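These are my notebook entries on one chain, written down in the order in which I looked things up. I begin with the sequence and the model side by side.

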Amino acid sequence: MRTGLSQHTSMRQELRVNPRLYQAMDMLYMPMMDLQQHLKQELLANPFLELLEPEDETPEQKDSEQEKEQKEKEEEMDWEEILLNGFEVGGTREQYEQLEYTEPVTVETRNLIDHLREQLQMLTLTPRQLLLAEEFLGNINEEGYLAASLDEILGSVNQLMAGHVERDGDGGEDGEGGEDGEGNLENFGPGTPLSGSTNSASAPAVTAPTSPPSPSSPSSPPFYTMNEAEDMLAVIQRLDPSGTGARDLRECLLIQLVELGDTSSLTYRLVNEAFPDLIAHRWNDLAKRFGVEPAAVQAAADQLSRLDPKPGLKYSEQSDGYIIPDLIVEKIGGRYQVFLNDTGMPRLRLSRSYQEIARDKKKMTPENREFIASKMNSANWMIQAIEQRRQTMLKVMNFIVDRQRDFFEKGIEYLKPLTLREVAEVINMHESTVSRVTNEKYVQTPRGVLPLKFFFSSALSTASGEDASARSIRAKLEKMVGEENSAKPLTDQQIVHLFQEQGIQIARRTVAKYRDQLGILPARMRKRV
């Protein structure tokens, strides 16, 4: 075998994806809002792109425009008259309010921790207690529950105290601590820095209970004790909203019942003494245990519906999610029409002024010609890609409307099974392309605003040979449970028989799975006495 460098020629086929094709696929994937931002960036980066302006106006349009401008000029406010005579009762004030523009600004919102901290500041607490309270607030989750145990909270805050004592000791050796109050740990509040000097004159002198120093370390720091943690937990649990600071659902409900003064009722006894049986809906066992009728136990359990199992969510920072549909389906003249919701989309076209510059190539340097050709081709491709995206989305939605016409006419129970592959085969596109079109896209229909993924679901066989959509099966199951006799709720096997009577073959485990997805309890827990 000869070693060394050599040259040879060969032919082979390769599939390479053009970078522009990558960008086209990304544009197809983008929802409406993301695409708007992308096009605005392209407008800034490519001088050959410009917004589509109205065509030249006719003389009649120009005359009407001049009349409109003259009318607006006559309706303008006479500020000199206003400054001299003030506003008059009449249309002037309304006119001023119409012309006035207030720029929208973001407003800071309070979350649950801010609401609790404001209440703590209204209480008479020492700086030492406030530091412990801040540790508790840091461990309360969004739902209002205490997410850490008392031992974990004590370990964290005592570690903070020990670390500060070590830094104070180092500062004392250098002559910076001592009389200036830096070693006074009882003056620690939530805003006290962990390093640097603390002015003892501004901090109130407090006497807080501390753990007894160990014999081996007579100058040990005043660590927090379990009694202090339990006392602070009681303070947190008395704050608004009621139920905040609970460690589990049972404690959350008990706190709210105590707040309502309902400690002598059967509802309080059920939660306090028999909570596992209560959540399992064992009405007969509870009735025997408390010596009452099962109906009384159910009535007492129903009272829990007035309580809030997640009290912290009312102060949640999560804002409402607004959806802008990418497509619109309307019924016009007995037919469903599909429109692209691109009213807010920038309309692009090639810049005429830059096109004229590009024609005069004699005055350009090679670098300028290369730059102009690149931007020109990029602008042409961008306009074509937008139009291709538009046509692809309309093709997919038109097929969905034709396939799911019964759904639009009669409701979700008539939704037919549909897969991405079926759509791809009909419109002659790849399955991945259809997936990109349907991803994170919404359509406004007479049945509401729905994600495009809503129309795709698996199929279940029926006796007639036609497949039924899994989503329509869930809707029928929900309807069956809603119409059942609460004294004799339908079991999963009985629901299977009802589906078989309708010609739908379904397994009991499938019914149980759909029931769990819909949040429907088993028959035993739905029973009412």
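Helices (H or I, at least four residues) and strands (E, at least two) are DSSP runs numbered from the N terminus.

**Entry on how to read the model.** I noted that this is a predicted model, in which local features need pLDDT of at least 70 and side-chain atom pairs count only at pLDDT 80 or more, while totals for chains, interfaces and linings use all residues. Residues are numbered from 1 along each chain as its sequence is written, and side-chain values use heavy atoms, with hydrogens and water left out.

**Entry on confidence.** The chain has an average pLDDT of 77, and 74% of the residues score at least 70, pLDDT being the predictor's confidence in each residue, from 0 to 100.

**Entry on helix H19.** In helix H19 (residues 431-438) I found Val434, Val437 and Thr438 to be buried. Seen down the axis of H19, these buried residues fall within an arc of 90°, so they line one face of the helix. After H19 comes glutamate 440, whose phi is positive, near 55°.

**Entry on glycine 245.** Glycine 245 is in the loop between helix H9 (226-237) and H10. Is glycine 245 buried or exposed? Its relative accessible area is 0%, so it counts as buried. Leaving aside neighbours within four places in sequence, glycine 245 is in contact with Gly144, Leu146, Leu233, Ile236 and Gln237. I also looked up asparagine 139, which is 106 residues from glycine 245 along the chain, and found their C-alpha atoms separated by 9.1 Å.

**Entry on aromatic rings.** How many aromatic pairs does the structure hold? It holds six, counting rings of Phe, Tyr and Trp (its six-membered ring) whose centres lie within 6.5 Å, with planes under 30 degrees apart called stacked, over 60 edge-to-face and the rest tilted. The rings of phenylalanine 407 and phenylalanine 455 have centres 5.8 Å apart and planes at 85°, so I recorded the pair as edge-to-face. Phenylalanine 407 lies in helix H17 (residues 405-410) and phenylalanine 455 in the loop between strand E6 (448-451) and strand E7 (459-460), so the pair ties together parts that are 48 residues apart in sequence. Both phenylalanine 407 and phenylalanine 455 are buried. Phenylalanine 454 and phenylalanine 455 form an edge-to-face pair as well, 5.5 Å centre to centre with 85° between the planes. Ring pairs link Tyr336, Phe407, Phe408, Phe454 and Phe455 into a cluster.

**Entry on salt bridges.** My search of the whole structure finds 19 salt bridges, each a side-chain nitrogen of Lys or Arg within 4 Å of a carboxyl oxygen of Asp or Glu. One of them joins lysine 331 and glutamate 409, with the closest N and O atoms 3.2 Å apart. This pair links distant parts of the chain, since lysine 331 is in strand E2 (residues 327-332) and glutamate 409 in helix H17, 78 residues apart. Lysine 331 is partly exposed, at 44% relative accessible area, and glutamate 409 is partly exposed at 34%.

Conventions
Buried < 20%, exposed > 50% of the residue type's maximum accessible area, 1.4 Å probe, protein only. Arc of directions from axis to C-beta. Contact = heavy atoms within 4.5 Å.
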